[in-house]
Amino acid sequence: MVRRLFVGLLCICSLLAGGTGHAQELRGFWVDTWHAALRTRAEVDVLIQAAKTAKANALFVEVRKRGDAYYLSHYEPLASDVASGFDPLAYLIQRARSETPPLEVHAWLVMMPIWSSTTPPANPLHPYNRFPQWLTLNDSGATYDGSNYSFDPGHPEAADFTYRVAMDILRHYDVDGIHFDYIRYAGNRWGYNPMSVSRFNTVFGRSGNPAYNDSSWSQWRRDQVTQLVRRIYASTVALKPWCKVTAATITWGNGPTSESAWTSTSAYSAVFQDWRAWTEEGILDIAIPMCYYNHASSTHRTYFNNWITWTKNHRYNRSVAIGLGAYLNTLSNTITQIGLVRTPTSQGGYSDGIVFYSYAA
């Protein structure tokens, strides 16, 4: 297994070493903590060596998985699989800084989902146990979306807690960036936390639950997500202006092929993640759309090409990098996708880099 990983990395690294001709290309891996990565010093040492072998220059490491921490948090408990007395993020930063050239370390935070099992966490200090009143609900009153329990960004205290979790890392760790994941709703029927509904009704002079497809209610939820991004970005600039704020963003389905088509995308209309507006406003330094498409499928090739073209042409005054689903593809098709990402569009749009999902794959 380890040998296969390194063989794949060696094959990819010959392309990664070539660059794009623009300013330094971002060459990164998402490093999830559902798999071996940060639990022990030995796992971190292997990770660093793998990144060097691949000629990567950035690691997006999942330090908040589901309301737990792979660092010493002032708000959430240490993940249960971390070795006793070990601070994974601190050691990773130490190792990454000692390399020549150093590797960037971006703290990947799963933002709204806080628990993924129908069995509650054993630790009474876990946010799921401490703040059940902050959970989002769907229009039928359910709190479990089939994969996660999540906090509702429309609840001010839930949003504030999430903000504080992000700032806690920035204040206490020398990270190169804060990276958002799941900075969205689970779908357009979610967001019915009573506090959020009450706030909406106060603003619009209504009562009861709004319909899930009510346009004002949709925009309200979209705004709650954007306000959280904006707040973290502004505070990051004030505290550590060199630190990058990035996000893994939704691409589900076909990419937009016109300006007006953006509002029909799943990101905008289904999960209320208006990441185009974030880059246009300048409250996101790098948008990293998750273009996870199997290149063996002609339909998926079309989706992939449309998304990367649209992304490269909508950089605004910020940067974009393309997230590749290497886990879905053969090595040769992954290399093909790298080449497509690096090819400028007919309008001169380009990507600032590539991030692979994932290190474990």
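Reader: What makes β8 mostly covered?

Author: Of the 6 residues of β8, 6 are buried. Buried means under 20% relative accessible area, with exposed over 50% and partly exposed in between (1.4 Å probe, protein chains only). Strands are DSSP runs of E with at least two residues, and helices are runs of H or I with at least four, numbered from the N terminus. Please note that this is a predicted model, in which local features need pLDDT of at least 70 and side-chain atom pairs count only at pLDDT 80 or more, while totals for chains, interfaces and linings use all residues. Residues are numbered from 1 along each chain as its sequence is written, and side-chain values use heavy atoms, with hydrogens and water left out.

Reader: How do you know that both faces of β8 are covered?

Author: On one side Ile 286, Ile 288 and Met 290 are buried, and on the other Ala 287, Pro 289 and Cys 291 are buried.

Reader: Why is β8 said to pair with β9?

Author: Two strands pair if DSSP finds at least two bridges between them. β8 and β9 have 2 bridges, in the parallel sense, so they pair by that definition. In β9, Val 320 is the bridge partner of Ala 287. The strand β10 also pairs with β8 in the parallel sense over 2 bridges, and there Gly 323 stands opposite Met 290. Strand β7 (residues 244–249) runs parallel to β8 and is joined to it by 4 bridges; Ala 247 stands opposite Ala 287.

Reader: What makes a set of residues a nonpolar core?

Author: Such a core is a set of buried Ala, Val, Leu, Ile, Met, Phe, Trp, Tyr and Cys residues joined through side-chain atoms within 4.5 Å. The largest nonpolar core has 100 residues, and those with the most contacts inside it include Leu 59, Val 61 and Phe 180. Helix α5 (residues 156–172) gives the largest share of this core, 8 residues. Apart from it lies another core, of 6 residues, including Leu 137 and Trp 217.

Reader: Why is the pair of Trp 30 and Tyr 292 called edge-to-face?

Author: Rings of Phe, Tyr and Trp (its six-membered ring) pair if their centres lie within 6.5 Å; planes under 30 degrees apart count as stacked, over 60 as edge-to-face and the rest as tilted. Trp 30 and Tyr 292 are 6.0 Å apart centre to centre, with 85 degrees between the planes, so the pair is edge-to-face. Trp 30 lies in strand β1 (residues 26–31) and Tyr 292 in the loop between β8 and α10, so the pair ties together parts 262 residues apart in sequence. Both Trp 30 and Tyr 292 are buried.

Reader: What is the average pLDDT of the chain?

Author: The chain averages a pLDDT (the predictor's confidence in each residue, from 0 to 100) of 95, and 94% of the residues score at least 70. Over residues 1–7, however, the pLDDT is below 50.

Definitions and conventions. Contact means heavy atoms within 4.5 Å.
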